[in-house]
Amino acid sequence: MRPALLALIVLALAGCAELRAPPPAARIPAMLGAGGADPLRDVVGQAALAYADGGRSLANDPAAMARAAAQVELMTVEFGRDLRWAALPASVLFELRGARLEGRAALGIRAGADPDEVVRALAAAHAALVRGDRPAAEAALRPALFEPGGAGTLDFLTRPGPLPQGRIATSLARDEADRLVRSRVWGLTGALDPQAGWVNPEPGRGMGIGPR
């Protein structure tokens with residue numbers, strides 16, 4: 001076996017456990033996913049549904065808007081740091097970043113706000129609004145992250161306006177994530193993992209990879 005090919009397989013197998021492990025639950029608030037085996041995939045599917053009409057159904061529903069905005073923030077940062085999704089097309093992150101900018105402009109989220117802090121704040125606001133605790137929701141929307149924060153940001157959540165980029169980005173993310181899962185490209189492990197795709201060294205052509 002060629003040394004370069006052997007090194008490639010060794011590196012792939014070494015990263016197998018990390019690539020197949022779900023993201024740490026601590027980074028994904030429970031109310032943003034559906035409690036599935038991979039909460040990030042749940043977030044992707046739910047966000048695509050929430051933005052399917054370009055944000056029209058989110059108007060006058062600040063709880064749903066807070067959740068949907070948190071999901072876009074979460075998807076953007078997680079797809080960029082979770083190695084399991086490294087094979088996603090660059091267009092997915094490009095469109096998600098556009099959706100994040102669109103959402104931040106609509107809701108008054110400060111440009112330099114830390115995404116993880118924004119996710120936690122919006123998730124807390126969503127939970128408070130669901131239980132009918134408006135003061136707690138306003139407190140979660142603190143001015144350090146939101147302008148003006150509090151009641152003013154809650155008004156933005158109620159009337160966010162059109163969000164066409166949110167629809168484009170979340171539908172693309174859902175479709176590409178589903179495609180990646182179907183193709184089982186989670187590292188070059190198919191030769192040893194019967195649940196993965198196949199990996200076949202082809203003389204003169206490098207590695208052949210295909211679906212199971």
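Analyst: Accessible areas here come from the Shrake-Rupley method with a 1.4 Å probe, and for residues only the protein chains shown count as cover. On that basis the chain exposes about 10,500 Å², of which carbon and sulfur atoms supply 60%.

This is a predicted model, in which local features need pLDDT of at least 70 and side-chain atom pairs count only at pLDDT 80 or more, while totals for chains, interfaces and linings use all residues. Residues are numbered from 1 along each chain as its sequence is written, and side-chain values use heavy atoms, with hydrogens and water left out.

In sequence order the pattern is α-α-α-α-α-α-α-α-α-β-β. Of its 212 residues, 46% count as buried, where buried means under 20% relative accessible area, exposed over 50%, and partly exposed in between (1.4 Å probe, protein chains only).

Now the core. A nonpolar core is a set of buried Ala, Val, Leu, Ile, Met, Phe, Trp, Tyr and Cys residues joined through side-chain atoms within 4.5 Å. The largest one has 49 residues, and Tyr 51, Met 65, Met 75, Phe 79, Leu 122 and Leu 157 have the most contacts inside it. At least two residues of this core come from each of H3, H4, H5 (90-107), H6 (115-130), H7, H8 and H9 (164-183). H4 gives the largest share, 10 residues. In soluble globular proteins, nonpolar side chains tend to be buried together.

Met 75 shows what such a position touches. Leaving aside neighbours within four places in sequence, Met 75 is in contact with Val 43, Val 44, Ala 47, Leu 96, Thr 170 and Ala 173; contact means heavy atoms within 4.5 Å. Across the chain, among contacts between residues at least 6 apart in sequence, 63% join residues at least 24 apart.

The axes of H4 and H6 come within 8 Å and cross at roughly 155°; axes are lines fitted to C-alpha atoms, for helices over the stretch in contact, and angles run from 0 to 180 degrees between N-to-C directions. H4 and H6 are therefore roughly antiparallel, since angles over 145 degrees count as roughly antiparallel, under 35 as roughly parallel, 65 to 115 as roughly perpendicular and the rest as oblique. Their crossing is left-handed, which means that the near helix is turned anticlockwise from the far one by less than a right angle, whereas clockwise would be right-handed. Among the residues making this contact are Ala 66, Ala 70 and Leu 74 of H4 and Val 119, Leu 122 and Ala 123 of H6.

Ala 123 of H6 is buried, at 2% relative accessibility. Its C-alpha atom is separated by 9.4 Å from that of Ala 68, 55 residues apart along the chain. Beyond four places in sequence, Ala 123 is in contact with Pro 29, Met 31, Leu 32 and Ala 70.

The other pair is H3 and H9, which pack at about 140° with axes 8 Å apart and are therefore oblique to each other. The H3 and H9 crossing is left-handed too. Here Arg 41, Val 44, Ala 47 and Ala 48 in H3 meet Thr 170, Ser 171, Ala 173, Arg 174, Asp 178 and Val 181 in H9.

Conventions
Helix = DSSP H or I, 4+ residues; strand = E, 2+ residues; numbered from the N terminus.
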